[in-house]
Amino acid sequence: ARTAVFYSISNCQKGLKGVSFGNFLIKQVAAELNRDFPQLRTFVTLSPVPGFMAWLRRTDPDMPLLQDLARPHWHADPALAARLRPVLNDRMAEYLLEAKNDDGRPVDPVARFHLGNGAGIEEVRWFGDTSEKGLGNGAGFMVNYLYDLDNVIANHEAFVKHGTIFASPQVRALRALKSRH
């Protein structure tokens with residue numbers, strides 16, 4: 001194995017709500033894994049996108065896409081999924097890279113957490129979560145956030161000081177696809 005995937009790092013206990021220990025936890029676990037398994041080179045998360053659908057409804061309530069996404073089992077219709085994919089990929093890239101809250105930070109709480117801890121957006125995975133909750137909150141998307149241990153501190157500082165979002169060329173290209181459709 002050359003890759004470690006973190007799935008669901010969360011403050012699941014009510015008493016821990018709002019407590020930020022993820023940066024320390026992720027770095028500590030990655031360092032321990034790297035020590036025990038020196039062949040590991042890549043550390044990523046597989047993370048939900050809990051606010052995407054609410055943002056989509058807020059930013060474009062009359063969008064025909066929303067009617068398609070409201071259909072039961074829309075994701076199981078290959079023709080519909082193929083038609084929706086480029087539009088959803090573009091909107092997901094816009095959401096992750098451009099949508100900001102009142103503080104000028106990413107509107108998505110999971111993105112804020114990982115980007116604030118020095119990760120970059122590595123890959124967007126459509127149909128990574130086709131559970132009812134995953135479809136209802138994130139249109140089935142999940143995101144890989146990459147923790148490049150050599151750059152975590154610099155990424156964290158650039159995000160905190162300047163709002164810089166590090167993202168792979170593949171993720172940035174999803175937003176660029178808009179002009180092609």
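A residue is called buried when its relative accessible area is under 20%, exposed when that area is over 50%, and partly exposed in between. A139, at 0% relative accessibility, therefore counts as buried. The model described here is predicted.

**Aromatic residues**

- Eight aromatic pairs are found when the whole structure is searched.
- F52 and F141 make up an edge-to-face aromatic pair, with 5.8 Å from centre to centre and 80 degrees between the planes.
- F52 belongs to helix α2 (residues 52–59), while F141 lies in the loop between α6 (132–138) and β4 (142–146), so the pair ties together parts that are 89 residues apart in sequence.
- F52 and F141 are both buried.
- One aromatic cluster is formed by F52, W55, W74, Y95, W126, F127 and F141.
- Elsewhere, a charge meets a ring: the charged end of R105 sits over the ring of F159, at 4.9 Å from the centre of that ring.

**Packing of α2 and α4**

- Helix α4 covers residues 78–97, and α2 packs with α4 at an angle of about 95 degrees, the two axes being 11 Å apart.
- Angles from 65 to 115 degrees count as roughly perpendicular, so α2 is roughly perpendicular to α4.
- On the α2 side the contact involves F52, W55, L56 and T59, and on the α4 side L88, R91, M92, E94 and Y95.
- By type, the residues of this contact are six nonpolar, one polar and two charged.
- F52, W55 and Y95, which take part in this contact, are also members of the aromatic cluster.

- H73 is not a glycine, yet its phi is positive, near 60 degrees.
- H73 is located in the loop between α3 (64–70) and α4.
- The relative accessibility of H73 is 62%, so H73 counts as exposed.
- A139, also not a glycine, has a positive phi of about 55 degrees.
- A139 is placed in the loop between α6 and β4, the loop that holds F141.
- Is A139 buried or exposed? With a relative accessibility of 0%, A139 is buried.

- A30 is part of helix α1, which spans residues 22–36.
- The relative accessible area of A30 is 0%, so A30 is buried.
- A30 and V5 are 25 residues apart along the chain, and their C-alpha atoms are separated by 10.0 Å.
- Not counting residues up to four places away in sequence, A30 touches F6, F43 and L149.

- N137 is in helix α6.
- N137 has a relative accessible area of 29%, and is therefore partly exposed.
- N137 and M53 are 84 residues apart along the chain, while their C-alpha atoms are separated by 5.3 Å.
- Which residues does N137 contact, leaving aside neighbours within four places in sequence? They are V49, P50, G51, F52 and M53.
- F52, one of these contacts of N137, is also the partner of F141 in the edge-to-face pair.

Conventions. Residues numbered from 1 in each chain as written. Predicted model: local features only at pLDDT ≥ 70, side-chain atom pairs only at ≥ 80, totals over all residues. Heavy atoms only, no water. Phe/Tyr/Trp six-rings, centres within 6.5 Å; stacked < 30°, edge-to-face > 60°. Helix = DSSP H or I, 4+ residues; strand = E, 2+ residues; numbered from the N terminus. Buried < 20%, exposed > 50% of the residue type's maximum accessible area, 1.4 Å probe, protein only. Lys NZ or Arg CZ within 6 Å of the ring centre and 35° of its normal. Axes fitted to C-alpha atoms, helices over the stretch in contact; angles between N-to-C directions. Parallel < 35°, antiparallel > 145°, perpendicular 65-115°, else oblique. Contact = heavy atoms within 4.5 Å. Nonpolar A, V, L, I, M, F, W, Y, C, P; charged D, E, K, R; others polar.
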